[in-house]
Amino acid sequence: MISSTLAIARKDLRLAFAGGQGPVQAVLLGLLLVFIFSLSAAPGERFSPQQAMAIFWLCSSFAVVLIFSLLFRFEEENDTATALLLSPLPVQGLWLGKTLAGLVLLLLCQVFFFPAALVFLGLDPGGNPGGLALMVLGVDLGLCVLGGLIGAMGHGQGAKDALLTIIVFPLQVPLLLGGIRIGVGLMQGVPLAALGDWFGLVLAFDAVFSGAALFLFPHVFRGE
Amino acid sequence: MMGSGSLLDLRSVSHFFGSRLIFKGVSCVLDPASIMLVAGPNGAGKSTLLKIMAGLLAPRAGSVRRGVPDRSMAFMGHQTFVYPALSALGNLEFWNSVYGRGLDDAGLLGLLDRVGLKGFALEAAGTFSRGMAQRLSLARVLLVEPELLFLDEPSTGLDTASQALLHNELEAARARGAGVVWISHDLERDLGRADTVLQLSGRAMAYFGPAGEFSREAL
Amino acid sequence: MFRIYPKMLMFLAAATMLLMAVGQYAIWVYAPEEMTMGLVQKIFYFHLPLAWWSFVAFFGVCAASVLVLWTGKEKWDVLAGVLAEVGVLFSGLALVTGSIWGRAAWNTWWTWDPRLSTTLVMWFVYAGYLVLRAADAGGAKGARMRAVLGIVAFVDVPLVFLSARLWRSIHPAVLASRSGGLEPEMWTTVWINVVAWGALFAAVVLARYHGAGFARRVEAALVRIQEKTLQ
């Protein structure tokens with residue numbers, strides 16, 4: 001299962017970058033959001049760390065929706081979804097492969113969002129890059145685990161996959177709160193140990209929704 | 001006839017879409033080294049039956065037993081199952097790892113050569129004509145070396161040379177002991193190649209038996 | 001297919017009328033007026049049953065969704081939809097009554113309280129769920145999708161609540177204890193009203209279930225008629 005999961009992730013990343021596109025749409029939307037929010041402060045006025053972190057995670061949240069919409073669109077043309085269902089690949093492997101590919105693309109988007117937040121929002125990264133990376137990874141994982149499950153529901157639904165966002169965003173709330181709170185804490189020099197509760201919550205989200213996705217994905221992605 | 005060595009065994013299979021009956025009471029057996037032709041008018045549910053046989057759909061009633069694992073099963077239909085943004089070789093590389101076949105690039109190029117696409121190995125499959133995409137689909141089937149093969153009118157859009165290629169591969173598959181279920185619109189042409197015929201008509205199975213005893217007038 | 005329970009509906013409707021009458025009497029006549037807040041406190045007798053039954057409804061959506069995946073029966077899908085409708089309605093009313101209470105008690109229409117915030121997030125989730133239901137053409141696949149959403153939504157509830165509580169623990173809270181000093185008569189009134197709203201909840205769910213069931217029956221009958229004419 002691991003090798004075919006990696007094959008899915010590799011294939012999806014190749015497809016994403018074929019034609020030089022990649023997650024360009026998600027990156028542009030995120031940058032645009034950062035820019036527009038930067039207008040909400042008067043010239044010379046700085047954003048509070050909480051505002052800056054909230055905007056950063058809002059961009060990431062929008063990016064996840066676009067990324068998984070893209071990843072599942074790959075299986076619509078020529079009905080490759082059916083070919084995957086007929087293959088020996090366990091269907092959970094497909095979910096895992098898509099989640100991994102989504103995680104890579106999301107991290108790539110954030111490579112652009114982060115400096116944009118530094119420049120436009122005056123975000124101060126603080127002195128704990130390791131902790132920050134750990135937090136971003138933990139929250140991103142949760143976003144992608146959920147994205148991989150809900151994104152598959154948009155598969156073959158045409159315009160309806162835009163509707164799914166109205167349920168995805170509120171579901172992400174615990175993760176976004178965690179990302180904002182940990183980020184602000186780290187920037188203000190709070191030690192990692194003091195943020196244990198929040199890390200616990202983020203990991204609980206990752207674990208609970210991974211379990212739910214393993215159980216539920218076969219019901220979402222099937223031949224009917 | 002119901003021997004445990006059969007590749008496929010359907011008993012009293014019925015299917016509905018919503019509350020609409022598609023067909024009922026389909027029972028059939030596919031033995032190794034044989035070709036089953038599925039016949040019937042448009043809308044009789046032939047494609048649905050094939051999906052049920054392949055395990056894509058669960059029948060509403062009855063049972064389906066397949067004697068081969070998923071990795072020894074292949075399906076070729078109207079849809080080409082091709083990723084347009086990947087090259088012909090890239091498509092095969094992907095299915096190679098999903099099916100765990102372990103072929104190297106030379107092996108995959110050999111398959112492309114057999115379907116006449118070697119010169120297009122590195123070109124994006126999205127630029128292919130329908131016939132070429134179907135030949136790439138055929139290469140995927142060859143890659144799997146299936147013991148159980150499902151064909152849903154695969155010759156649509158194929159030129160004469162490609163059709164000959166497909167028919168050769170059918171004979172080769174039967175010769176190595178594989179079973180084939182084949183939906184064809186051209187009964188005149190294909191009946192001679194089949195061992196058994198299953199005919200769907202009037203929302204039920206109208207005939208299942210040796211191809212030689214199947215009378216075309218029943219259609 | 002769909003069984004209907006007309007006698008049970010009659011019974012529930014009658015019980016609702018009776019219990020609601022008793023409940024209103026208890027609120028306005030039996031229960032003493034609260035000393036500091038006065039008349040506004042009586043909102044509490046509406047707010048609490050609404051909030052409770054809305055969470056029962058959301059749990060019911062999850063349970064019915066599990067049954068959809070397990071049995072594949074259409075009736076559970078219909079029940080999940082009906083429960084979500086009533087849950088969104090009740091939690092929406094709980095939010096409005098809670099907000100009015102908050103204005104009177106804490107001098108603010110909205111504050112970050114874990115229970116309030118969780119209810120609001122859940123209201124968003126299930127309102128979204130209803131929009132998706134309304135947009136869907138249906139069929140066996142649609143029922144499974146809705147069931148997965150129904151389960152995922154409920155799995156999220158404890159996580160939302162925990163995160164809302166953690167969030168507040170850094171921000172100092174506006175409020176201390178919520179309903180500390182209730183007198184025994186007040187508690188009796190609360191319980192009578194919880195039961196009364198429970199009867200209304202059950203009656204509305206059952207009535208909507210019948211309606212949705214009849215709609216599906218009519219659709220199935222139309223398909224059969226069309227088939228007959230085609231043959």
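In chain A, the axes of helix 2 (residues 24-38) and helix 5 (residues 91-121) come within 10 Å and cross at roughly 15°. Helix 2 of chain A is therefore roughly parallel to helix 5 of chain A, since angles under 35 degrees count as roughly parallel. The model is predicted.

**Helices 2 and 5 of chain A**

- The crossing of helix 2 of chain A past helix 5 of chain A is right-handed.
- Helix 2 of chain A makes the contact through A:Ala26, A:Val27, A:Gly30, A:Leu31, A:Val34, A:Phe35, A:Phe37 and A:Ser38.
- From helix 5 of chain A come A:Cys109, A:Phe112, A:Phe113, A:Ala116, A:Ala117, A:Phe120 and A:Leu121.
- By class, the residues of this contact are 13 nonpolar, two polar and no charged.

**Contact between chains C and A**

- Chain C contributes 25 residues to the contact and chain A contributes 23 residues.
- On the side of chain C that touches chain A, the elements giving two or more residues are helix 4 (114-135) and helix 5 (139-170) of chain C.
- Helix 5 of chain C gives the most to that side, with 16 residues.
- The side of chain C that touches chain A consists of 20 nonpolar, two polar and three charged residues.

**C:His47**

- C:His47 lies in helix 2 (residues 44-71) of chain C.
- C:His47 counts as buried because it has 21 C-beta neighbours inside 10 Å, and the cut-off for buried is 20 or more.
- Leaving aside residues up to four places away in sequence, C:His47 touches C:Ala94, C:Thr97, C:Gly98 and C:Trp101.
- C:Gln226 is 179 residues from C:His47 in sequence and 49 Å from it in space, C-alpha to C-alpha.

Note on methods: Residues are numbered from 1 along each chain as its sequence is written. Chains are lettered from A and ligands numbered from 1 in the order in which they are written. This is a predicted model: local features need pLDDT of at least 70, side-chain atom pairs count only at pLDDT 80 or more; totals for chains, interfaces and linings use all residues. Two residues are in contact if their C-beta atoms, placed from the backbone, lie within 7 Å. Helices (H or I, at least four residues) and strands (E, at least two) are DSSP runs, numbered from the N terminus. Ala, Val, Leu, Ile, Met, Phe, Trp, Tyr, Cys and Pro count as nonpolar, Asp, Glu, Lys and Arg as charged, and the others, Gly among them, as polar. Axes are lines fitted to C-alpha atoms, for helices over the stretch in contact, and angles run from 0 to 180 degrees between N-to-C directions. Angles under 35 degrees count as roughly parallel, over 145 as roughly antiparallel, 65 to 115 as roughly perpendicular and the rest as oblique. A crossing is left-handed if the near helix is turned anticlockwise from the far one by less than a right angle, and right-handed if clockwise. A residue is buried if 20 or more other C-beta atoms lie within 10 Å of its own, exposed if 12 or fewer, and partly exposed in between; C-beta atoms are placed from the backbone.
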